[in-house]
Amino acid sequence: MDNDDVIEELNDLIETSKDGEYGFRTCAERVQSAELRSMLNDCAQSCRQAASELQTAVVRLGGKPEEDSTVSGTMHRGWVRVKGALGGDTDLSMLEDVAKARYRDALKADLPTDIAELVRRQAEGATRNHDRIRALRDQLKATAS
């Protein structure tokens, strides 16, 4: 994989991290539970840190790092806001499924060793966020039954 390909792969992950950050923050603004709000804000902070680390790596490789999220992420946040306004529950599992898939794809790429280790560590973080959201969703479903 040449340097430009590595930068492109990292920039895709930056966009994914930004999607997660904004998505978690948007949901945190809409929940009533202080405990849930804290968890969502923690997840947003984790995504923000991941994006920052990736941006640093892109600069180190001589590239220009992405600063924004994806169009689909922006659209998803809009949908979350509409659902919230209509009284529907917000489900972050789709957002986290996308993040896990993007990291899984990046791990298949022939990345330099130091970059691969960064991506592997962040993939573990995306999986932790996914699992936290899934457990919360399951808990809320059980409570509502």
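The model is predicted, so local features are reported only at a pLDDT of at least 70 and side-chain atom pairs only at pLDDT 80 or more, while totals for chains, interfaces and linings use all residues. Residues are numbered from 1 along each chain as its sequence is written, and side-chain values use heavy atoms, leaving out hydrogens and water.

The chain contains 5 helices and 0 strands. Helices (H or I, at least four residues) and strands (E, at least two) are DSSP runs, numbered from the N terminus. From that terminus on, the order of elements is α-α-α-α-α. Of the 145 residues, 41% count as buried. Buried means under 20% relative accessible area, exposed means over 50%, and partly exposed lies in between (1.4 Å probe, protein chains only). Contacts are scored when heavy atoms lie within 4.5 Å. Among contacts between residues at least 6 apart in sequence, 76% join residues at least 24 apart.

The average pLDDT (the predictor's confidence in each residue, from 0 to 100) is 82, and 80% of the residues score at least 70. Helix H2 (residues 34–60) has the highest mean, at 93, whereas helix H3 (residues 71–85) has the lowest, at 50. Over residues 82–91 the pLDDT is below 50; this stretch makes 8 contacts in the model beyond near neighbours in sequence.

The expected span of a helix is 1.5 Å times one less than its number of residues. For the 27 residues of H2 this gives 39 Å, and the end C-alpha atoms are 39 Å apart, which agrees. The buried residues of H2 include Leu36, Met39, Leu40, Cys43, Ala44 and Cys47. Ala50, Ala51, Leu54, Gln55, Ala57 and Val58 are also among the buried residues of H2. Just after H2, Gly62 takes a positive phi of about 90°.

Two packed helices are described by the angle between their axes and the distance between the axes. H1 and H2 pack at about 160°, with axes 8 Å apart. Axes are lines fitted to C-alpha atoms, for helices over the stretch in contact, and angles run from 0 to 180 degrees between N-to-C directions. H1 and H2 are therefore roughly antiparallel. Angles over 145 degrees count as roughly antiparallel, under 35 as roughly parallel, 65 to 115 as roughly perpendicular and the rest as oblique. H1 passes H2 in a left-handed crossing. A crossing is left-handed if the near helix is turned anticlockwise from the far one by less than a right angle, and right-handed if clockwise.

Ser17 lies in helix H1 (residues 3–28). Ser17 is buried, with a relative accessible area of 4%. Not counting residues up to four places away in sequence, Ser17 touches Cys47, Ala50, Ala51, Leu54 and Tyr103. Glu21 is also placed in H1. Glu21 is buried, with a relative accessible area of 4%. Leaving aside neighbours within four places in sequence, Glu21 contacts Ala44, Cys47 and Arg48.

H1 also meets helix H5 (residues 113–144). Their axes come within 12 Å and cross at roughly 25°. H1 and H5 are therefore roughly parallel. H1 passes H5 in a left-handed crossing. Val6, Leu10, Leu13 and Phe24 of H1 make the contact with Ile115, Val119, Asn129 and Ile133 of H5. H5 has 32 residues and reaches 46 Å from first C-alpha to last, close to the 46 Å expected at 1.5 Å a residue. Ile115, Val119, Asn129 and Ile133 are among the buried residues of H5, as are Gln122 and His130.

Leu61 lies in the loop between H2 and H3. Leu61 is partly exposed, at 21% relative accessible area. Leu61 touches Asn3, Val6, Ile7, Leu10 and Ile115, not counting residues up to four places away in sequence. Leu61 and Val6 are 55 residues apart in sequence, yet 8.5 Å apart in space, C-alpha to C-alpha.

Arg104 is located in helix H4 (residues 93–108). Arg104 is partly exposed, with a relative accessible area of 45%. Between Arg104 and Arg120 there are 8.8 Å in space, C-alpha to C-alpha, and the two are 16 residues apart in sequence.
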